[in-house]
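User: I would like to learn how to read helix packing and salt bridges in a model like this one. Could you take me through these features step by step?

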Amino acid sequence: MKSKADDFFQFLKKQNENIDTALLERAFAFAQKAHGQQQRKSGEAFLSHPLEVARICSNLVLDTPTLAAALLHVVVEDTDVGIEEIKKEFGEEIASLVDGVTRLEMVKLKDESQAENLRKVVLAMASDIRVVFIKLADRLHNMRTIEHLPPEKQKEKARETLEIYAPLAHRLGISSIKVELEDLAFKVLEPKRYDLIAKLVAETKSHREKYIEEARKILEKELARIGIKAKTEGRLKHFYSIYKKMKEKGKEFSEIYDLSAIRVIVNSLKDCYAALGVVHSLWKPIPGRFKDYIAMPKLNMYQSLHTSVMGPEGKTLEVQIRTQEMHQIAEFGIAAHWRYKEKIAITDEFEKRLSWLRQVFELGSELEDAREFLRSLKLDLLPEEVYVFTPRGDVISLPQGSTPIDFAYQIHTDIGHSCVGAKVNKRIVPLDYQLRTGDVVEILTSKSSPGPSRDWLKITKTSRARSKIRQWFSREEREDYTQIGKEALQKVLKRQGLLNAVSFESAEFENLAKSFNYKKVDDFLAGIGSGHVSPKQVVSRLIQVRSKQALDHGVSSQVKKVKVKKSPDSGVIVRGVSDVLVRLASCCNPVPGDEIVGYITRGRGVTVHRLNCPNLKDLLKEEQRLIEVSWSRKLKGPFKTEIRVQALDRTHLLRDVSTVLSDSGVNILSATVTTTKDGLAILDFVFELGNLNLLKTIMNNVKKVESVFDVQRV
């Protein structure tokens, strides 16, 4: 182990003279003491792993704190050392990086459908992008030594690598890590296909190398002739990329022509396009195969010119052209900028090329050096969501600002109702604690819990939690509401002189409840008590029913043999009477389609009332003055009518109901809105419509508006 460590530190000194090797040696000694005699599955000393992770990070030319965190990244997870001890020994910055990597260890892929969410989780959990670099290096070394794990564990890790970590490396533009991760995972998941492609590539390797070498010499000679300094190299397509192309395009190995390519690295942007001209002058370009990623960089900042030509021997040849800086970005992604930050000033072009990151990072306005640049990179992928974990590692997505109560109800309603406390990351937190991405949440429950508190409605964020809490109180308060409803109804009945004439246990009252869509009388009374049904409405409906019964048994039998004639002006037919003055009662404003009754008024003809008119109760005392009337079938509109809409109060309620009415073709004459203390809204609309047959349809459409629970004719 000592020799490996010595080699590593010598390598660092040669690679970057600005690295604080004294700090790294102290971090290595700390990790060595913490891990002691721990061994990996391979039998090697456990410390060989953090050494290799740090080496991979050093290849990205990252800074001293990142390399120190790489050496310490498994100390908290695999030893008794806590994050506070690391903070005390190495400071806040390094401790924060180690903590970030430790938290990422909980990310597990359980279902392929979760892959995109989990990639977002990884990025959102890392407040510092260097955490992701360390995690990618950690996964790369684990994949290099994966053969020491049991077969099932190998497949689990490989699938996770292919679904989460390789795409992450690609998103950050680190192709050197992305390519190796894909091939290592492919080898585990599809060993036979991997071996077949490896064999086919090996069989054609010598021929392809000879072909590439011939093309390189031709191109280098022509570039030198016109004065372009360039470095050319061959590039072999990696195995997983070949497999994907064969699978997606249904091609055989022999049909994949771009297994290798020539990469041309020049000194300037101008030379890129000049070199492209040389390539196209030497070999005929293939139409549709040219891509300018310099003018239009990929989202991960990749820049290069790609062209496919008919090369020597008439074979397809791919050529990539880029500057040295572009090449570093292609290999190391955003990590490549750390090395350039110490050499170049920040320009508008540099900021423009980082524009895609503004959706992911919050950039500092003035960045003086590479470390400040690193510190300023804060991930802000999910401004409206947080991703938290159950103790079993399942990912739960919640709106930003959610609390443990929201989490509890998201898991199960009963867990929410019986919640008495919560732990976040194994620490007790208040129930109004706002969850953050990466938190591990454990809900504490009790069978003797009194249930949710009304105060929870003030701190919950999700509609599910608020709905379940309201339902709880709705059930708990049902008995209270039933008694309140009973008393409220008795008061109105008493004012109408009907208190002793109504029994809540009668079949009449049960039918009355059903007319309001309540199956049980107790539910009906609770609806009155909670304000969902007005007691005045109930008494009005009761009078309507009794009035109709009185007509059925009284007036109609006296006039059934009389010829029906139409009153010429009113649109109302009065049974047995012609040319009589008929007027519509202003107290109830009946319109065609309503059930109506006539009342003979001395000297004023017949006044037509609706059967549910509140004044009809007094008129029933003089049954001899009641007369049967009906609407003419030849009536034409428009007709004026009024409806009452009852709903749970919310923003834009009036607008939404008015829109439904207007879309139905009615002319709204007036609208009145009344709200109650318990959050109910009563909307009264007076409007004209041309066809009364549409009224029922219009009322049904209004009932479909969100939060509306009742619509009735007034």
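Analyst: Let us begin with handedness: a crossing is right-handed if the near helix is turned clockwise from the far one by less than a right angle, and left-handed if anticlockwise. In this predicted model, α4 passes α7 in a right-handed crossing.

User: At what angle do α4 and α7 pack, and how far apart are their axes?

Analyst: Two packed helices are described by the angle between their axes and the distance between the axes. Here helix α4 (residues 64-72) packs against helix α7 (residues 92-104) at about 50°, the axes being 9 Å apart, which makes α4 oblique to α7.

User: Which residues of α4 and α7 meet?

Analyst: From α4, Pro65, Thr66, Ala68, Ala69 and Leu72 meet Glu93, Ile94, Leu97 and Val98 of α7; the residues of this contact comprise seven nonpolar, one polar and one charged.

User: How many salt bridges does a search of the whole structure find?

Analyst: A salt bridge needs a side-chain nitrogen of Lys or Arg within 4 Å of a carboxyl oxygen of Asp or Glu, and the search finds 20 of them. One of these joins arginine 644 to aspartate 684, with 2.7 Å from N to O; the pair links distant parts of the chain, since arginine 644 lies in strand β21 and aspartate 684 in strand β23, 40 residues apart.

User: Is aspartate 684 buried or exposed?

Analyst: Buried means under 20% relative accessible area, and aspartate 684, at 15%, is therefore buried, whereas arginine 644 is partly exposed at 31%. Elsewhere, salt bridges that share partners join Asp63, Glu93 and Arg130 into one network.

Definitions and conventions: Residues numbered from 1 in each chain as written. Predicted model: local features only at pLDDT ≥ 70, side-chain atom pairs only at ≥ 80, totals over all residues. Heavy atoms only, no water. Axes fitted to C-alpha atoms, helices over the stretch in contact; angles between N-to-C directions. Helix = DSSP H or I, 4+ residues; strand = E, 2+ residues; numbered from the N terminus. Parallel < 35°, antiparallel > 145°, perpendicular 65-115°, else oblique. Contact = heavy atoms within 4.5 Å. Nonpolar A, V, L, I, M, F, W, Y, C, P; charged D, E, K, R; others polar. Buried < 20%, exposed > 50% of the residue type's maximum accessible area, 1.4 Å probe, protein only.
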